[in-house]
Each structure stands twice: as C-alpha cells, then as structure tokens.
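Take a look at the fold below before reading on.

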Amino acid sequence: MTEADIARATRSQPTITDKDIEAARRKHRMPSDEELARVPVPAAPRIDALPQPQSQGTIDLGAIAGGFDAMGAPDPAKAGMAVGPTLLVFVSFSMPDPALERLVDQAARSGATLLLRGLVDDSLQKTVARVQRVIGQRKVGFQIDPQAFDRFTITATPSFVLIKDRSVPTPCAAGTCFAADSYALAAGDVSIDYALRFIQKTAPKFSREAQAFLAKMKGG
C-alpha cells in the first residue's frame, strides 16, 4: 500500500462535524422524567391465576422419604455412628401381594424397615401411590435405597438383614458398610418371624437382637 492509496482512503471517509453530532443527539435523545412517568407499569403476574396441575389426592412423600429418623430407627448410612439393633427387610413390587402385605403388617408391629431398590416406572409419584396402597394406615418405615442392596449383597427378595446392637458402619463403595460379623442375613419367601427364628438358630450371637424384634411382634 502506497502513500497515495492512504490519501485516497482518507479522502473517502466522511467528515463528522459538531453540527452532525448535535443533530444525532436531538434525534436520539433520552426521554425526560415526565415522559417516563407516563409509561404504564405492567402489573405483577397473578400466581393464583396460573394453570394448576390436576391432583389425584394428597400424596404423603413421608411414606418413602421419611427415612429411619422419621420412624425412630437408626440410620446405618451415617458412618461412624453406632446403630442397632436394626431389622431391614428388602422387598420389591414383583413379589406376590399377599406376601408383601404380610411383611408390611409384621414390619409395622416389629419396627422393621422395608427397603425398595428403585422407583416404579422411574416415577416417584407412582412409587409413593403404590407404597401407600400397600401400607394403608399402618406406620411402617419404607425406604428407596439401591445402595443398601449393594451394601448387603441382596440378590433376591424378600431378604432380611439383622444388624447387631452398637454396630459401627464405615465408608465404602456402597456409601457405608458393616463388618461381616455385625449383621446376619436370611433370604426366602418367608415371614419376618420365621426369618428371625432362622437367624437365632444359624447365628446364635444375634439371638438377643432377634428376640427383641420377636417380642415387639407379640406386643411385649
């Protein structure tokens, strides 16, 4: 590029004068306070006028999300805190309804907590509704805890885990884990009282904990 090219480019640029700047300022001026005051202020949206979702009745999320604390039972997911005795019953909605109803009734009387691996059709609302139909008016701890299934290597439902008194969980891949000698496991399509008596026979050192839950079932 030569000096002549630069000169030609300079001559082609428009010259902006003070008069041009003043004309542009008048054309695009800011509105005055009086003009701004005349602009209507939009009303706040009415939340109560928005469409409301249809409801099929009140759903008590506490039936599932309440947890061990809501039912007065210790939470073995809290590492470093001694727990027990705790009775966990692993169930699924693929079980026959009579078997599930029996376990719910016995869990309400014994203080056992029922655990599900996951949601029904990946829907919390469907799961809560299904749990409520099973529980009815009974006070039962019902948890969704897939890690618990891994923690105790649960491969079939129903399964029963009795955690010994004053057991202390520790961190592990499944969140928290218990030492192998701190809990007893029984599996099979049986009732809670049958599973507890089986544990008493096969793992005598858990007999005291098993008897405590059996006594609750009898109202003792």
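How many bridges join β4 to β7, and which way do the two strands run? Five bridges join them, and the strands run antiparallel. Before going further, keep in mind that this is a predicted model: local features need pLDDT of at least 70, side-chain atom pairs count only at pLDDT 80 or more, and totals for chains, interfaces and linings use all residues. Residues are numbered from 1 along each chain as its sequence is written, and side-chain values use heavy atoms, with hydrogens and water left out.

A word on bookkeeping: helices (H or I, at least four residues) and strands (E, at least two) are DSSP runs, numbered from the N terminus. Two strands pair if DSSP finds at least two bridges between them. On that basis the protein chain has 10 helices and seven strands.

Now for the sheet itself. Five strands make up an open sheet, ordered β3-β2-β1-β4-β7, with mixed pairing. At the edges sit β3 (141-144) and β7 (183-187), each pairing on one side only. Neighbouring strands are turned by 20° against each other on average, direction ignored; the axes here are lines fitted to C-alpha atoms, for helices over the stretch in contact, and angles run from 0 to 180 degrees between N-to-C directions.

Walk across from the β3 side. β2 (residues 113-116) pairs with β3 in the parallel sense over four bridges, and Thr-113 stands opposite Gly-141 in β3. β1 and β2 are also parallel, over three bridges, with Leu-88 opposite Thr-113.

How much of β4 is covered? Five of its five residues are buried, where buried means under 20% relative accessible area, exposed over 50% and partly exposed in between (1.4 Å probe, protein chains only). In a regular strand the side chains alternate between the two faces of the sheet. Here Ser-159, Val-161 and Ile-163 point one way from β4, while Phe-160 and Leu-162 point the other way.

Contact means heavy atoms within 4.5 Å, and, not counting residues up to four places away in sequence, Ser-159 touches Leu-88, Val-89, Phe-90, Ile-154, Leu-185, Ala-186 and Ala-187. The Ser-159 side chain also reaches the backbone oxygen of Ala-156 at 2.6 Å.

What lies across the sheet strands? Helix α6 (residues 97-110) lies across β1 (86-90), β2, β3 and β4 (159-163), running at about 135° to β2. α6 also packs with helix α7 (residues 124-135) at an angle of about 75°, their axes 9 Å apart. That makes α6 roughly perpendicular to α7 (the label covers 65 to 115 degrees). At this meeting point, Asp-97, Leu-100, Glu-101 and Val-104 in α6 meet Arg-130, Arg-133, Val-134 and Ile-135 in α7.

Finally, zoom out to the chain totals. Buried residues make up 33% of the 220 residues. Among contacts between residues at least 6 apart in sequence, 73% join residues at least 24 apart.

Key. Polar contact = N/O pair within 3.5 Å; in protein donor to acceptor, adjacent residues only side chain to side chain. Parallel < 35°, antiparallel > 145°, perpendicular 65-115°, else oblique.
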